[in-house]
Amino acid sequence: MRISTSMIYAGGGARIQKATADLLKTQQQVASGKRETDPVSAGRILQILQSESLNMQYQKNQDTADNSLRMMDVTLGALSQTLQDVRETVLQGVNASLSATDRQIIAGKLRSQLDALIALGNTRDSSGAFVFSGFKSSTQPFSGDSNTSVSYEGDSGQIAIQISPEGETPISFSGQEVFMDIPAVGGGKQSVFATVSTLATQIEAGGANLADSISDSLGNLDAGLDNIIAVRARAGSYLNMVEASRGLSENGHIENQKILSVLQDVDYAEALSVMAKQQTVLDAAQKSLIKIMSLSLFNKL
Amino acid sequence: MAEMLSVAMSGLMAAQQGLLTTGHNISNAGTPGFSRQSVIVASTPATAGANIVGSGVSVTGIARSYDEFASAQVFSAQARGSYFSAYASQLGQLNNMLGDPEAGLSPALQTFFEAVQQVAANPASIPGRQALISSGQSLVSRFRDMSQSMDNLQKGVNAALSNTVSTINSQTRELAQLNLRISEARGTGAPVPGDLLDQFDQLVADLNNQIGVERLQQPDGTTSIYIGNGQALVVGSRSMDLQAVPDRADYARQTLALTLPGGGLQRIQESSVTGGGIGGLLAFRTQALDTAQSELGRIAIGVAQTVNEQHALGQRMDGNLGGDFFTLPSAQVFANRYPANTGTLSVKAETSPGESGLLTTSDYRLSFSSGQYSLTRLSDQVVVGSGSSLPLSADGFALTAVSGTPSNGDSFLIRPVRSGAGTIGMAISLAQDVALAAPLRTQRPTTNTGTGVLQAGVVSSVDNLASFPVTLTYSTAQSGMTGLPTGTVVTVTPKGGSPVSYTIDAATAPSFPWVSGATVSFNGYSTEMSGSPANSDTFIIERNNGGVGDNRNAAALARLAISRTLANGTASFQEAYGGLVTDIGNRSRAAEVSRTAAESTLEQAQAARDAVSGVNLDEEATNLLRYQQNYQAAGKLIEVAGKLFDTLLATAR
């Protein structure tokens, strides 16, 4: 069969080009660390990158939730402590042997503890938002002081954020829930501030059966304390939810990274050995073409 | 003697022809399309009456080593090779742009929704809101940049069409000229020079690189060239020019037409052009580029509409309802130009509210004939709408008349999604105007004595916002919640149960039941009931004034990242984009495989052709030696003849 001279050159040239192209492709992969992906893998990689992005967001939200809930817990702890202090102060003031002046001093102590409670109610977070205002985070929730009645300017909203694809978790409690809607002895509701204020007034006034007359208010105070304990417990359970989600997010992240690595990372052992083989092929193609080109009858004439 | 001399001369001549032909072959060893030539010699028989010894040799012709079948194989392999080469390289560009993990759409979408989540965690933060607006701007820019790149690819196809057409025309004109010379050569009775035929074949090969053609040999020796559905480019010594002409409706899009001998224009069906670079470009444009642009546009429209619709349900920092977040992309409408519509009707196409999920990636044709409008989906030729007047709507968009009236036979090309990615924009620039709160909240007065709780709720429509505030009162006598005006339709859906509807009548049916754990909805508002209220407990549902810390609408916006809102509820934005990337990636991969296969087929076809027609220098070297020896031998014969004559003369003295 006749092989035309131009075919020899063209064929040989084409073979060398292909070998060079193959070698370059492998070199590119080795240098970039990314292997060549087929279309299905490319689609899968996009999917996983999306999943990673969502995961990262959930993790950020989990951190935010964690911070908010922990801060809330600290604030509720301080509240609890203050209410305990109020209780002790009240018990001091019930002592029948106290004089009017003494009782006035105790009432004054109660009123400054009330101011402390109001200040706690107006706590702001690190960005300056009021934590007990419900949705109205720029509005100060409690106005008034120990000499006036304290009213609530916030709403009953509870803020929640998404910590996992399925779940939102609340990260705040409204001032209404924590301070205002405390069930009162004998029916109805009374706020913590009103209770302390009433106690101060009652102790200041004194009277024959002081212990009896303040028993209702003391009951209200205890109800306030119990409420705070209940709210703290709920905050604790939300924190647990956040922890659980954190674990899931971490695992998801690790899985994603594993799959990504399988899909797109170069296996260096394999790639380098392929490259060595391709170098040999290129070398052989070049040398053999030179050999063939030098074979010509015209050289022998 | 004389006979010996003439016999020797004939041998000399033949050897000379042989040497010349061999020299011709050697010189043309590298000429593309050259067919090896060889001398055909025949012995000259004895002249009548004289000796029985023959009278030498004569060259009866120059043979052209040529195999019609092998050549045909090469031509068709060339057409395929160029087709896949053009197709694969264009697809490769598109694939790289779409699939790039950094430059594609995915990262911009991710960054946008990440910013939404950020701001949902702290909605009152102005920097956070500003960052959201910036990432919205980045998403818009990314859509537009990708649309621009695809527009550039479209322009590239148009430009390549024009350039290729002029190349083809100069080739067909030359082919016609060659046909003329071939038929003239035939006419003189002499054999047609092989070189002429080789030139013709080489031009046909070059032409096949541009556009796939068929050849038909004519009895007069000329070859006619046809394309597509049998349209002739070259007949005898006449050639017909191709032209790149605007599409019937979309004047910016080039397509092919043939100039008829009479002077008219005959449009060429793009699907009938197979083979050659033009075939590859047209296939790329119709099968990949148009689809990719439409799909990207559909995603842009989906993003804009769903975000806008959720944003409109939210509340800005100043307490007003949110408007559009993005500007909704526009649809393209082209009135027919070739032939031009005779009516004055101008039509507008818009995505129908809430229906971006029904959009397809197809183009549509609106035609008016005999008083009836007819709307056809071009991907499957299904008529999706008809009527005697506009508006008409189908597949997620609506057509409305802007002005004028149509005439019989008028036609419009409608592209609801093609320009989506190029025309999306931002409608918001102020941080305070981002609507992250919900417009309604629930208040529970301190005077309530029961344990009933209503959640803050979800707003699904703001059409009835004016009916709020609403005060609901629990009435033990009515065993339910009263306070809604007559005519309100209330739906109560118990947990895990089916919805039950109640229509309020202040006189006869004023209440709906309180079911703990159930969802209740009315007037576009829905919330969850829990606990149990006491008699006369009230709940107030009112506007969310001052609620800057409320993130309910932000959370709803964030959930759009994973909701399946596109393609009839089967794909989220990322999933639709991922599908596009995989589709183009698959096509690109298939095209590369086909290209490699076509290259290999071409090589084999060329080898087969060269086995017959190719020049092998070693073979020619042998021929040189042979003819040289022939020449020497014939020369020797002349010398001998001369010596004989001298001998004769010497004898005669």
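Chain A and chain B bury about 4,300 Å² between them in this predicted model. Carbon and sulfur atoms account for 53% of that area. On the chain A side, Arg2(A), Leu46(A) and Phe135(A) supply 17% of the area buried against chain B, more than any other three residues. The contact draws 48 residues from chain A and 59 residues from chain B.

Polar links cross this interface too. There are 21 residue pairs in polar contact between chain A and chain B, counting pairs with both residues at pLDDT 80 or more. Which elements of chain A each supply at least two residues to the side that touches chain B? They are helix H1 (5-32), helix H2 (39-93), strand S3 (160-162), helix H4 (175-180) and helix H9 (297-300). H2(A) gives the most, with 14 residues. By residue class, the chain A side divides into 20 nonpolar, 19 polar and nine charged.

Now the charged pairs. Five salt bridges span the interface of chain A and chain B. Arg15(A) forms a salt bridge with Glu603(B), and their closest N and O atoms are 2.9 Å apart. Over all chains, the structure holds 43 salt bridges.

Within chain A, look at Arg111(A) and Glu204(A). Their closest N and O atoms are 3.1 Å apart, and the two form a salt bridge. The pair links distant parts of the chain. Arg111(A) sits in helix H3 (residues 100-121) and Glu204(A) in helix H5 (residues 192-205), 93 residues apart. Is Glu204(A) buried, partly exposed or exposed? Its relative accessibility is 29%, so Glu204(A) counts as partly exposed.

Asp433(B) and Arg316(B) meet through their side chains in a salt bridge, at 3.8 Å from N to O. Arg316(B) has a relative accessible area of 22%, so it is partly exposed.

Next, take Glu542(B) and Arg441(B). Their side chains form a salt bridge at 3.2 Å, N to O. Glu542(B) is in strand S29 (residues 538-543) and Arg441(B) in strand S20, so this pair joins parts that are 101 residues apart in sequence. Arg441(B) counts as buried because its relative accessibility is 6%. Elsewhere, salt bridges that share partners join Asp250(B), Arg253(B), Asp290(B), Asp363(B), Arg415(B) and Arg418(B) into one network.

Conventions:
Residues are numbered from 1 along each chain as its sequence is written. Chains are lettered from A and ligands numbered from 1 in the order in which they are written. This is a predicted model: local features need pLDDT of at least 70, side-chain atom pairs count only at pLDDT 80 or more; totals for chains, interfaces and linings use all residues. Side-chain values use heavy atoms; hydrogens and water are left out. Contact means heavy atoms within 4.5 Å. Buried area is the accessible area (1.4 Å probe) that two parts lose on being put together, summed over both. A salt bridge is a side-chain nitrogen of Lys or Arg within 4 Å of a carboxyl oxygen of Asp or Glu. A polar contact is a pair of N or O atoms within 3.5 Å; within protein, one must be able to donate a hydrogen and the other to accept it, and residues adjacent in sequence count only if both atoms are side-chain atoms. Helices (H or I, at least four residues) and strands (E, at least two) are DSSP runs, numbered from the N terminus. Ala, Val, Leu, Ile, Met, Phe, Trp, Tyr, Cys and Pro count as nonpolar, Asp, Glu, Lys and Arg as charged, and the others, Gly among them, as polar. Buried means under 20% relative accessible area, exposed over 50%, partly exposed in between (1.4 Å probe, protein chains only).
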